[in-house]
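Here is a short briefing to read alongside the model. Please keep the viewer open as you go through the points.

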Amino acid sequence: MSTSAIILLFLSSAISGLVMVWLKPGGTKNIKLLLSFSGSFLMAICFLHLLPEVFATSATHVPLFLLVGFFLQLILDYFSGGIEHGHIHLHKDQLKKFPYLVFLSLCFHAFVEAAPAFHIHGHGHEHEVSPLLIGIVLHKIPISIVLASLLLINQIKKATVAFAIILFSLMAPLGGYLGHWLSHTEELANLFPYLLALAAGILLHIATTILLETSENHKFSNMKIISILVGAILAIITTY
């Protein structure tokens, strides 16, 4: 686990969110394209790395945790309002009230999904920055922007928004460190496959939801299709 990888994971999320604190929140069209790209990238990494490792483990009932992770993210979506997919829901009765459930759900999601970030590598090759880590970084950038936009639209004080963004940005590095620590601690290494399966289930739910989400007329835009294809192709290139 390299220091540069930890810094990258933190700063990519922190900077993108903090920049929004000083800018007026705009539309989410381009954000949705970035989400489509990152969702496709993560989906490819799931098929190329996470799922093979989950099913290759000798630990019992690990696939069950894959299913639990998938449906756990469904529950988190209920509390977060789907902010992981770029959705912003404004409720006038919630103005100036910090959305704790949304924020805590998002933090838990970021913590768990990053668990394998410093463990999964490309086909036996050690990368300074793994393909999975790249995918998580690409996913965290738009999420930080959407989170900052939501808080600002809710008329939360800028200082509070900045603090929330920093706290959120710490979740993924902490989750990655937990996964690295478990996988390298002899007495606890047998727990890592379960954490890996849980993270894979969460990532699968996020990726499939982003990729299958259509426009209001139930059609995919040309730009979304292109972003999805580019994301998948780049994931394949970075891992082989």
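Two residues are in contact when heavy atoms of theirs lie within 4.5 Å. Leaving aside neighbours within four places in sequence, S36 is in contact with I210, L211, K224, S227 and I228. This is a predicted model, in which local features need pLDDT of at least 70 and side-chain atom pairs count only at pLDDT 80 or more, while totals for chains, interfaces and linings use all residues. Residues are numbered from 1 along each chain as its sequence is written, and side-chain values use heavy atoms, with hydrogens and water left out.

**The chain as a whole**

- The protein chain has eight helices and zero strands, where helices (H or I, at least four residues) and strands (E, at least two) are DSSP runs numbered from the N terminus.
- Of the 240 residues in the protein chain, 50% are buried; buried means under 20% relative accessible area, exposed over 50% and partly exposed in between, with a 1.4 Å probe and protein chains only.
- Among contacts between residues at least 6 apart in sequence, 83% join residues at least 24 apart.
- The protein chain exposes about 11800 Å², and carbon and sulfur atoms supply 71% of that area; accessible areas come from the Shrake-Rupley method with a 1.4 Å probe, and for residues only the protein chains shown count as cover.

- S36 is found in helix 2 (residues 29–56) and counts as buried because its relative accessibility is 3%.
- S169 lies in helix 6 (residues 158–183) and also counts as buried, at 1% relative accessibility.
- Not counting residues up to four places away in sequence, S169 touches F10, S13 and A14.
- A polar atom of the S169 side chain lies 3.1 Å from the backbone nitrogen of A14.

**Helix 7**

- Helix 7 (residues 192–212) has 21 residues and should span 30 Å at 1.5 Å a residue, which agrees with the 30 Å between its end C-alpha atoms; the expected span is 1.5 Å times one less than the number of residues.
- Helix 7 is largely enclosed by the rest of the structure, because 17 of its 21 residues are buried.

**A nonpolar patch**

- M223, I225, I226, L229, V230, I233, L234 and I237 make a nonpolar surface patch of about 710 Å².
- Patches are made of residues with over 30% relative accessible area and no salt bridge, joining like charges within 9 Å and nonpolar side chains (Val, Leu, Ile, Met, Phe, Trp, Tyr) within 5 Å; a salt bridge is a side-chain nitrogen of Lys or Arg within 4 Å of a carboxyl oxygen of Asp or Glu.
- I237 sits in helix 8 (residues 222–239) and is exposed, with a relative accessible area of 53%.

Terms used:
Polar contact = N/O pair within 3.5 Å; in protein donor to acceptor, adjacent residues only side chain to side chain.
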